[in-house]
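Me: I would like to learn how to read a structure like this one, starting from the chain as a whole and ending with its strands and cores. Could you take me through the features one after another?

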Amino acid sequence: MIDILKIANKEFSSRLFTGTGKFSSSMVMKEALLASKSELVTVALKRVDINNNDDDILTHLNHSHINLLPNTSGVRNAKEAVFAAELSREALETNWVKLEIHPDPRYLLPDAIETLKAAEELVKLGFVVMPYIHADPVLCKRLEDVGVQCVMPLGAPIGSNKGLKTVDFLEIIIEQSNVPVIVDAGIGAPSHAAFAMELGADAVLVNTAIAVSKDPVKMAKAFEKAVIAGRMAFEAKLASIKNTAEASSPLTSFLN
Amino acid sequence: MSHFKELFDTYNWEETLQSIFKKTTEDVQSALAKEKIDLEDFKALISPAGKPFIEQMAQKSQLLTKKRFGNTIQMYVPMYLSNECQNICTYCGFSMTNKIPRRTLTDSEILKEVAFLKDKGYDHILLVTGEANKTVGVNYIKNAIQLIRSQFSNITIEVQPLDKEEYESLIESGLYAVLVYQETYHREEYKKHHPKGKKSNFDYRLDTPDRLGKAGIHKIGVGALFGLEDWRADSFFTALHLQYLKKTYWQTKYSISFPRLRPHSGGLEPKVEMKDADLVQLICAFRLLDEDVELSMSTRESEIFRNNIVNLGITSISAESKTNPGGYAVEPESLEQFEISDERGTEEIVSMLKSRGLEVVWKDWEHFEKV
């Protein structure tokens, strides 16, 4: 129905990535994530007990089509991020990592300087690095240069549900990027997700809007459909928006 | 270098209190209509004029908490390491003049308590001591942290205020957060309740969160002990303190606790009573002021109160707490610091939380630094 998305060596038929936070129970989380048909699910390393085979979150994510994407939420600098990534590679047996460095605990805004530093090092260590960053087109190119496999610019602060507040910059990033662009954070409604996909984002990551809704399973389905709709519209080439009117009876036809 | 004292000293307790009591219905309505409120709005929300709006505040508080923290609640448990204390605090069961058996846990006793708590599922722990620098100084605390670090992802302490360098050394050992309550921001009243010991130094205590911020701690818990003075004024100063800290130490997280005076073996009755409705009003007002601050609830409060408050803004909760050193496994019969009110076991609390639509979070931290 829609093009396959490829990141590193993995192919995804769903362009909706999801998260595991804020659900009212692991059962609800599992049902919602299955309903979303998401194939890449991020989980905060700090929330799982890597020494416990029966960890509640991990056991509920144990499904053949779900790929785990550990994230480094909680670290404050590049050094801690690298340590966290190595910890997760060892414990969860994946070299994929969502690189999140937000030293600001309130708006959880990413630290561009530390993120670039950590990304460079993690790529050298053989990780598939997916960095969460500001919608900063130059930073995206710099990250691409050091070898990240995609970029994850934010639409609005995490959990804010405000939609694509950074749309002008996202458009530039999408235009310029040679790696997949995944809009992460701020997507609060299926219409936001569809909009991001229409713009040409390769995927979106949604968590709060699904987890906190009154009916997470239904909301997950709504996002699944919105992402497909947006992507289909992008692939079908949207009619361009015209800023000027085109009169059906031209005013200058007398010149012909 | 910045210090809260400089800001604090520009305020006058009486004027502050009066300005809270002067808030009108219109002030409350205007605060409720805003997306982001300031300290003047906060005063209105905690004022007597705010009382009739408590339901609206609760609705808003629940919504904001859900948005930020989701349908989750963090579990933690306190572990009292020592009841030795060189301070006189008029309201505290561990006060130096109280004739009670004193005990400081040894390494093996600590590990015995830890085994009990791990068995219950706890991964975030709060270590508590009195203030006895010779026996329970920074080295004792450091040793305790190192001893239990591999077993708890998240270690918080509530001990005597320390110097910046001492905090730095504890952070290096794996310390995550420090709780330090001012007890009351009323300078003279503070003096009355803390006549002797290092704790009688109001300014040193007031400056503690600054030292913590400078030391680079992950989280600081602030608050006042309600009952010593007017809870509204003390809450305003807590909010002022919080706002100052957030701006100054922007990488640090903050939490607020709401201890009300409980009966204990010293026997001080609250000077200013804080009713259940007052506490609900205050908790909701704090959430409206600050979407991100962690709001914590201990077992000081009753079953009914705790069952209902968990959906209104609280983000972390303790259960089955013992406030005597060794109270879990070593010497369950010894004397407590104060009587807890909600004596339900951990399992019972967990099932209560689940029945209220909350996912219980045991682990939400990782030691990201190599030792």
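**Reading the two chains**

Reply: Chain A has 9 helices and 10 strands, where helices (H or I, at least four residues) and strands (E, at least two) are DSSP runs numbered from the N terminus. This is a predicted model, in which local features need pLDDT of at least 70 and side-chain atom pairs count only at pLDDT 80 or more, while totals for chains, interfaces and linings use all residues. Residues are numbered from 1 along each chain as its sequence is written, and chains are lettered from A and ligands numbered from 1 in the order in which they are written.

Me: What share of the residues in chain A is buried?

Reply: A residue is buried if 20 or more other C-beta atoms, placed from the backbone, lie within 10 Å of its own, exposed if 12 or fewer, and partly exposed in between. By that count, buried residues make up 49% of the 256 residues in chain A.

Me: How many residues does each chain bring to the contact between A and B?

Reply: Two residues are in contact if their C-beta atoms, placed from the backbone, lie within 7 Å. Chain A brings 22 residues and chain B brings 21; on the side of chain A, the largest share, 3 residues, comes from helix α3 (residues 78-92).

Me: Why is strand β2 of chain B described as largely enclosed?

Reply: Strand β2 (residues 124-128) of chain B has 5 of its 5 residues buried, so the rest of the structure largely encloses it. B:His124, B:Leu126 and B:Val128 point one way from β2(B), B:Ile125 and B:Leu127 point the other way, and all are buried.

Me: Which strands pair with β2(B)?

Reply: Two strands pair if DSSP finds at least two bridges between them. Strand β1 (residues 72-80) of chain B runs parallel to β2(B) and is joined to it by 4 bridges, with B:Leu126 as the bridge partner of B:Pro78. Strand β3 (residues 154-158) of chain B is also parallel to β2(B), through 5 bridges, and there B:Glu158 is the bridge partner of B:Val128.

Me: Which residues touch the most other members of the largest nonpolar core?

Reply: A nonpolar core is a set of buried Ala, Val, Leu, Ile, Met, Phe, Trp, Tyr and Cys residues joined through C-beta atoms within 7 Å. The largest has 94 residues, and those touching the most other members include B:Ile125, B:Leu127 and B:Ile283. Helix α13 (residues 276-289) of chain B gives the most to this core, with 8 residues.
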